[in-house]
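Biologist: I am new to this structure and would like a short tour. Could we go through it step by step?

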Amino acid sequence: TEFNVTYSLQAVAVHKGAFGGGHYVAFVRDAQGQWVLVNDSATPMPVPFATVQLAQAYLLVFTLVAQT
């Protein structure tokens, strides 16, 4: 059986630093669909999607939008 599915990118985790050390940050879509940079306890900072696209992703998080 073949299904058509659509997913939406919701978050991108990025590792900054060297192997065995460093720091993780995340780009996350907020409730309004805008991308924000989340970095520890700092206030989330709005970023353009182009910034997310250029990030060296460690982990991508998707949600299922539709399945037929």
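**Strand pairing and core**

Modeller: This is a predicted model.

Biologist: Which residue stands opposite tryptophan 35 in E3?

Modeller: That is arginine 29. In the hairpin of E2 and E3, 5 residues lie between the strands, and glycine 33 there takes a positive phi near 85°.

Biologist: How many bridges join E1 to E2?

Modeller: E1 and E2 run antiparallel and are joined by 6 bridges. Within this pair, valine 14 stands opposite valine 25 in E2. The hairpin of E1 and E2 has 6 residues between the strands, and its glycine 17 has a positive phi near 125°.

Biologist: In what order do the strands of the sheet come?

Modeller: The sheet is open and has 5 strands, in the order E4-E3-E2-E1-E5, with antiparallel pairing. Strand E4 (45-46) and strand E5 (57-67) are at the edges with a single partner strand each, so one side of each has no neighbour in the sheet.

Biologist: Changing topic, which residues make up the largest nonpolar core?

Modeller: The core has 8 residues: Val12, Val14, Val25, Phe27, Trp35, Leu37, Val47 and Val52. At least two of its residues come from each of strand E1 (5-16), strand E2 (23-29) and strand E3 (35-38). As a general background, nonpolar side chains in soluble globular proteins tend to be buried together.

Biologist: What is valine 47 in contact with, leaving aside its neighbours within four places in sequence?

Modeller: Valine 47 is in contact with Phe27, Trp35, Val36, Leu37 and Val52, once those neighbours are set aside.

Biologist: And serine 8, is that residue buried or exposed?

Modeller: Serine 8 is found in strand E1. Its relative accessible area is 15%, and the cut-off for buried is under 20%, so serine 8 counts as buried.

Biologist: Which side chain does serine 8 join through a polar contact?

Modeller: The side chain of serine 8 has a polar contact of 2.9 Å with the side chain of glutamine 10. Leaving aside neighbours within four places in sequence, serine 8 is also in contact with Arg29, Val61, Phe62, Thr63 and Val65.

How values were computed:
Residues are numbered from 1 along each chain as its sequence is written. This is a predicted model: local features need pLDDT of at least 70, side-chain atom pairs count only at pLDDT 80 or more; totals for chains, interfaces and linings use all residues. Side-chain values use heavy atoms; hydrogens and water are left out. A nonpolar core is a set of buried Ala, Val, Leu, Ile, Met, Phe, Trp, Tyr and Cys residues joined through side-chain atoms within 4.5 Å. Buried means under 20% relative accessible area, exposed over 50%, partly exposed in between (1.4 Å probe, protein chains only). Helices (H or I, at least four residues) and strands (E, at least two) are DSSP runs, numbered from the N terminus. Contact means heavy atoms within 4.5 Å. Two strands pair if DSSP finds at least two bridges between them. A polar contact is a pair of N or O atoms within 3.5 Å; within protein, one must be able to donate a hydrogen and the other to accept it, and residues adjacent in sequence count only if both atoms are side-chain atoms.
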